[in-house]
Amino acid sequence: MRKVSLVIAVCGILALALSVMGQNPADLKTAMTGIGPAWASLQMNLDSGNAAGVAADAAKLEGLFKDTEAFFTKSKMQQPAGWAKEEVEAAGAAAKAAKAGTVDKAAKAAIGKCKQCHDVYRQKNQDGS
């Protein structure tokens, strides 16, 4: 009986460890640090009408937001996962339009609504930054 309890306890600890390891905050940090520069580049390419640049930047953002959505989904954080999904869709639509030769100025407003999520979920420093 003691051996069975010990085996169950070890399995429980292993399951917990694997669950925590599967939600790697480093994955989120990698995605987040890539989003800012890609978004800034996308904005410049949208303003200048550079369809090839828009397509590349939007495709990059689509991938980064997919990673972000996956992290939040694994973390069971429905609201930020939903926002990330919206960003995936907006970036995908902008990339598709740009590959077809159309620079969609509406993408400027649709992509990069990061503030709504950061206002709620981003960790704040003690000085408020």
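Which residues lie nearest the centre of the largest cavity? The views below come from a predicted model, and the second one gives the answer.

**View 1. Helix H4 and helix H6 cross with their axes within 10 Å.** Two packed helices are described by the angle between their axes and the distance between the axes. Helix H4 covers residues 78-99, and helix H6 covers residues 114-121. Their axes cross at roughly 165°. An angle over 145 degrees counts as roughly antiparallel. H4 and H6 are therefore roughly antiparallel to each other. The crossing of H4 past H6 is left-handed.

**View 2. Met32, Phe65, Ala84, Cys114 and Cys117 lie nearest the centre of the largest cavity.** These residues belong to a lining of 14. Helices H2 (25-48), H3 (51-74), H4 and H6 each give two or more residues to that lining. The volume of the largest cavity is about 120 Å³. The structure holds 1 cavity of 30 Å³ or more.

**View 3. Side by side, H4 and H6 meet through named residues.** From H4 come Gln79, Pro80, Trp83 and Glu86. From H6 come Gln116, Cys117, Val120 and Tyr121. The residues of this contact divide into 5 nonpolar, 2 polar and 1 charged. Cys117 is in the H4 contact, and Cys117 also lies among the residues nearest the cavity centre.

**View 4. The lining of the largest cavity holds nonpolar, polar and charged residues.** Nonpolar residues number 9. Phe65 and Met32 are among the residues nearest the centre.

Notes: Residues are numbered from 1 along each chain as its sequence is written. This is a predicted model: local features need pLDDT of at least 70, side-chain atom pairs count only at pLDDT 80 or more; totals for chains, interfaces and linings use all residues. Side-chain values use heavy atoms; hydrogens and water are left out. Axes are lines fitted to C-alpha atoms, for helices over the stretch in contact, and angles run from 0 to 180 degrees between N-to-C directions. Helices (H or I, at least four residues) and strands (E, at least two) are DSSP runs, numbered from the N terminus. Angles under 35 degrees count as roughly parallel, over 145 as roughly antiparallel, 65 to 115 as roughly perpendicular and the rest as oblique. A crossing is left-handed if the near helix is turned anticlockwise from the far one by less than a right angle, and right-handed if clockwise. Contact means heavy atoms within 4.5 Å. Ala, Val, Leu, Ile, Met, Phe, Trp, Tyr, Cys and Pro count as nonpolar, Asp, Glu, Lys and Arg as charged, and the others, Gly among them, as polar. On a 1 Å grid over the protein atoms alone, a cavity is a set of points where a 1.4 Å probe fits but cannot get out, and a pocket is an open set with protein on both sides within 12 Å along at least five of seven lines; lining residues have an atom within 4 Å of a point. Grid points are joined across faces, edges and corners, and a volume is the space filled by probe spheres set on the points.
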